[in-house]
Every structure is written in C-alpha cells, then in structure tokens.
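Please walk me through the helix packing in this model. Keep it brisk.

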Amino acid sequence: MTGGTRPAPLRVAMFVYNDVTRDSRVLREAKSLADAGLRVTVIGRPRSPDERAITRQARDGFEIVLVPMPHAWRRWWYRFRKPWHMRGLIVRRFTYHLRRGPAGWLRAIAYIGVAIAVAVLSVIRLPFIAISGGFSQTKHDSTFDWLIRWRFGVLGWAGTASAAAPAADVYHGHDLTGLPAAVRASERHAGSVVYDSHESFMDSGSNDTRPRWAKAVMRRYERRLAGRAAALVTVNRSIADLLASRFGPSRVVVVYNTPARWEPPAEPPDLLRQAAGLAPGTPIALYHGAFSAHRGLEELAAALLVPGMEAVHAVYLGYGSLEERLRAMAGDPRYGGRLHVLKAVTPDVLPAWVASADVGVMAIGASTLNHRLSSPNKLFESIATGLPVVVSDFVEMRRIVLDDPDGPLGAVCDPADPTSIAAAIRSILDLGPGERADLRARCLRAAHDRWNWETESAKLVALYASLADKPATAATPAPG
C-alpha cells in the first residue's frame with residue numbers, strides 16, 4: 001500500500017433559477033454526484049420574490065443555498081411600465097395640498113409638474129408596447145417586460161448567486177436561466193463550466209412566442225455563454241443534436257430524465273380506482289404531471305367521447321393552472337362521470353399510483369419545437385412501473401416506445417386527433433389478459449435494463465471524473 005494524501009473531492013456548484021424542491025433532475029444529479037464523493041452545493045432562489053435572507057439546508061449529502069432575487073428594480077420598473085397607474089396618487093396628493101390653502105399651493109403646483117411628466121412618460125411607453133407586441137399579449141407579459149426581467153431579474157440574481165457560491169472546480173448551470181450565474185462564478189474562481197440544458201430553452205413555452213428579433217438576441221446570448229462550457233449536458237439525443245449544431249460544444253453528454261429502478265409490490269394497491277371511487281377492473285387512462293396548455297389534457301377528454309371508449313375513465317393526477325378547467329369538464333354530463341381530477345402525490349409514492357392505471361397517456365401537442373423533440377419525465381415514470389404508454393408520434397417518443405429492442409412499450413398517436421388517441425388507447429386495452437401482462441412485463445424490463453437513473457447518472461459521474469483530470473481555467477468575462 002502506497003502512502004500519500006488522498007486528493008480533495010471535486011467541488012461542484014450548481015445553479016438553478018427555482019427553489020429546487022420540485023426539480024427532480026437537479027435533485028437527482030446533485031445526489032448522484034454527492035454519492036460519488038463530490039462536494040456539491042446547489043444554489044437556487046426562494047419561491048417568494050419578497051424573501052430577503054439567504055437560507056441553507058442539507059439534503060441527501062449536498063447543500064442547498066437559496067439566494068434571494070434582487071427586488072429594487074421591480075419598484076422603478078413598475079412605475080415606468082405603467083406610469084398611468086400613478087394618476088390616482090397624483091390626484092389625491094394634488095387635492096390634499098390644494099385644500100391646505102396658500103401653504104400647500106407650492107406642493108400642489110409641483111404635483112402638476114409630476115402629472116405632466118407622467119403623461120409624457122405614458123406617451124413614450126406606447127411605442128415600446130407596440131414594438132414588443134404588448135397589444136397582442138397579456139399586459140403583464142410584453143416582450144419588453146420579458147427582456148427587462150431578464151436583464152435585472154435573472155441576470156441580477158446571477159450576480160448575487162455567483163457571489164454567494166463557494167469556490168468550486170466545476171460550475172454547473174441548469175438551463176439558460178442558471179448558466180449566467182455559473183459563468184460569472186467561474187470568473188470569480190478558476191473552474192470549468194457545464195451547461196445542463198433541460199430543453200431547447202428558446203423554443204419552449206412562452207419563449208417560443210416572442211418576436212423573432214427578441215429570440216435572436218437571446219439565442220446569440222445563449223450561444224456566447226454556452227461557448228464557455230467544457231461540456232453540454234442535455235435530456236435526449238434529438239435536443240443534443242439541435243444544441244450541438246447551434247453551439248458546437250467540445251463535448252455533449254445525454255442524460256435522460258429517468259427515475260430509479262422500481263420493483264412493484266407483490267400485491268399492488270389499487271390506488272387510482274380507490275381515490276376516484278371506481279369499481280375494481282374499471283379501465284383507466286392516466287395523465288399525470290402538470291396541468292398546463294398543450295399537454296393533451298382536453299384531447300384526452302375528447303377521446304372518451306369516441307365510439308368504443310364508453311367503458312374507459314380518464315384520471316388526471318397532478319396540479320397546475322388548468323386544474324379548475326379540468327374540474328369543470330369533469331362535471332360536464334357529456335363525460336358521464338368518466339373524467340376524474342386528483343391532487344398530485346409526493347414523488348416517493350408516485351410509482352404505486354401510476355402503476356395502478358391501465359395505460360399512461362402523453363398526447364403532447366406540437367405547439368413548439370421543444371415539444372416535438374421532447375422525451376417527457378412522465379414517459380419514463382410510466383414505463384418504470386410497467387405501465388404501457390400512448391405518446392405523441394414525435395421522433396424521441398416514437399424511438400423510445402416503438403423501437404425498443406425487446407418490442408413496443410405502447411402505441412403512438414396524432415396528439416391533435418382524439419380519434420387517433422382513442423384508437424391508440426384501445427390498441428392496449430383490447431389486448432387479451434396474457435398479452436397485456438406481457439406488455440407490462442416488457443415495459444418494466446426496459447426500465448430495469450435501459451431507462452433508469454442508475455444507468456443515466458453513470459454518464460454524468462463519468463463526465464465529472466474526466467473534468468477532475470483537467471486543469472481549471474478561468475472563463476472569459478460574460479457579456480451583460
């Protein structure tokens with residue numbers, strides 16, 4: 001046995017622009033790296049923008065540090081973006097001072113000046129609203145507002161988060177909202193940068209609806225920051241190919257968002273039917289996850305009305321902005337009480353709930369490029385429990401579901417066509433008992449052999465092992 005000192009563990013600082021608690025990818029990655037012996041700190045932000053103090057907590061062998069968001073900019077921006085909202089205050093103050101008589105007239109005159117300034121500012125604001133698309137968007141979400149929030153909100157947090165981060169060997173930025181903090185931290189302390197893009201960021205959600213010029217600005221910014229990274233980590237092969245073509249990183253590592261291997265109990269509980277008040281054996285098509293637009297929620301409901309689906313019940317298990325809409329639909333007599341909305345359950349018990357369905361449905365819409373290239377978490381969460389799936393006929397989901405070397409793990413559908421969704425669901429439910437048992441066993445086998453976090457996390461650990469062998473270098477200062 002040779003002597004000498006043991007090398008210090010590699011230090012990792014991760015940055016994510018959320019409160020970490022629901023980000024399964026960040027939590028899994030941090031735990032896997034900590035389990036591999038690395039010293040990991042995750043820097044996030046509090047859920048409330050009014051939080052003022054830095055908080056710290058230990059979790060699964062790593063530390064979570066929540067750094068407050070900057071707040072001073074919001075006050076002046078509110079006054080600038082909506083100067084006409086000051087009119088009530090100006091009128092009240094002008095009236096108050098005017099009624100005081102000569103002693104208050106000077107102040108009253110001053111408020112006339114303020115009123116003129118606010119009127120001029122209101123006129124100045126109109127072109128910005130028009131240019132940013134504010135007339136066609138919600139009043140709280142114009143493109144100009146979006147850019148201001150980026151400059152002073154996201155990048156402001158990046159500055160304070162990077163200052164609060166400990167010195168590290170690798171700075172790991174999750175998504176474009178976390179990457180600026182990682183780059184800035186690497187400027188303070190020599191170290192490598194890893195860009196972990198959970199999606200094609202500028203092709204996702206409301207980002208995709210921005211004007212072409214605004215998206216071009218942000219894509220250029222993303223490309224410049226991504227160019228500082230020693231490696232790009234992302235969630236599937238299709239997005240890896242897309243981002244590699246945009247950024248040209250020296251190394252790309254695909255880490256799918258798969259859960260850990262799960263073994264079904266000998267006597268699985270019938271959780272969904274019990275919670276929904278359904279008789280044993282009632283066919284259930286399950287959607288679980290966020291209740292938000294373009295996830296196929298209404299299309300699944302419409303599929304219940306297709307002839308041949310009269311016995312099938314749809315269960316929605318989750319949370320989100322469309323919950324009230326779903327509950328209203330559940331009361332619609334057209335569905336005959338076959339649509340059920342259940343509250344989300346915690347991740348530790350989710351597999352047992354998912355496993356009690358007959359088919360998992362992910363009819364994600366083709367609204368964005370990011371959706372068309374997606375491999376949603378719920379897909380892997382479903383097959384991890386042995387649940388066959390119906391997914392949108394998009395490249396990544398088709399590859400996972402239909403091209404499995406052991407055989408199909410479900411069916412694909414046109415997510416915009418309830419008849420296609422219904423046919424895909426029926427193709428699974430109409431199988432004989434033996435064939436359905438074989439399909440479930442095949443899904444569970446695929447999860448155990450290929451689609452599991454034990455397999456995927458090994459790629460991340462291997463990346464960090466290679467980074468540990470490279471000398472740390474300081475990043476070039478980031479723009480903005």
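At what angle do helix 5 and helix 6 pack, and how far apart are their axes? The angle is about 40°, and the axes are 8 Å apart. Axes are lines fitted to C-alpha atoms, for helices over the stretch in contact, and angles run from 0 to 180 degrees between N-to-C directions. Helix 5 and helix 6 are therefore oblique to each other (under 35 degrees is roughly parallel, over 145 roughly antiparallel, 65 to 115 roughly perpendicular, the rest oblique). Their crossing is right-handed, meaning that the near helix is turned clockwise from the far one by less than a right angle.

This is a predicted model: local features need pLDDT of at least 70, side-chain atom pairs count only at pLDDT 80 or more, and totals for chains, interfaces and linings use all residues. Residues are numbered from 1 along each chain as its sequence is written, and side-chain values use heavy atoms, with hydrogens and water left out.

Now take helix 5 itself. Helix 5 covers residues 143-164. A kink of about 35° is centred on Trp150 (the angle between axes fitted to the seven residues ending there and the seven starting there). Trp150 also meets helix 6.

Note on methods: Helix = DSSP H or I, 4+ residues; strand = E, 2+ residues; numbered from the N terminus. Expected span 1.5 Å × (residues − 1). Contact = heavy atoms within 4.5 Å.
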